[in-house]
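Hi,

Here is the structure I said I would pass along. Have a look, and then read my notes below.

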Amino acid sequence: QVQLVESGGGLVQPGGSLRLSCTASGSAFSLSLIGWYVQAPGKRREWIARITNDGATTYADSVAGRFTITRDNAKNTVYLQMNNLKPEDTAVYYCNRPLMNWEWGQGTQVTVSS
């Protein structure tokens with residue numbers, strides 16, 4: 001079973017940047033399509049970016065052009081570089097396999113506020 005650990009969140013001013021990390025145990029992680037998800041207070045968790053095992057990426061319209069997803073399979077880690085952050089990006093950020101989810105990690109809180 002793959003265990004997921006998200007990190008890198010924090011408090012940032014509008015227009016600022018953060019880099020999130022998703023580190024996993026288990027060899028299946030490096031072979032899998034991985035996505036980043038957000039869950040804002042009172043809202044459902046939703047997908048924002050995903051990356052195939054060989055690096056092809058897709059983004060939700062809300063983050064396209066501002067966020068970049070990358071991965072380092074040797075480190076079993078997927079990253080989310082977030083630039084030009086907006087208050088509406090405030091949420092808990094999670095990573096997981098889009099199909100046949102593993103157990104969700106605790107996520108990492110991102111707060112965008114002045």
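One cut-off first: I call a residue buried when its relative accessible area is under 20%. Also, keep in mind that this is a predicted model.

Asp89 pairs with Arg66, and their closest N and O atoms are 2.8 Å apart. Asp89 sits in the loop between β8 and β9 (91-96) and Arg66 in the loop between β6 (57-59) and β7, so the pair ties together parts that are 23 residues apart in sequence. By the cut-off above, both Asp89 and Arg66 are buried.

Now the sheet. Four strands make up an open sheet with antiparallel pairing, in the order β1-β3-β8-β7. Its edges are β1 (4-7) and β7 (67-72), each of which pairs on one side only. On average, neighbouring strands here are turned by 15° against each other, direction ignored.

As for its partner, β7 runs antiparallel to β8 (residues 77-82), and six bridges join the two. Phe67 stands opposite Met82 in β8. The β7-β8 hairpin has four residues between the strands, and Asn76 takes a positive phi near 55° there.

Cheers

Notes
Residues are numbered from 1 along each chain as its sequence is written. This is a predicted model: local features need pLDDT of at least 70, side-chain atom pairs count only at pLDDT 80 or more; totals for chains, interfaces and linings use all residues. Side-chain values use heavy atoms; hydrogens and water are left out. Two strands pair if DSSP finds at least two bridges between them. Axes are lines fitted to C-alpha atoms, for helices over the stretch in contact, and angles run from 0 to 180 degrees between N-to-C directions. A salt bridge is a side-chain nitrogen of Lys or Arg within 4 Å of a carboxyl oxygen of Asp or Glu. Buried means under 20% relative accessible area, exposed over 50%, partly exposed in between (1.4 Å probe, protein chains only).
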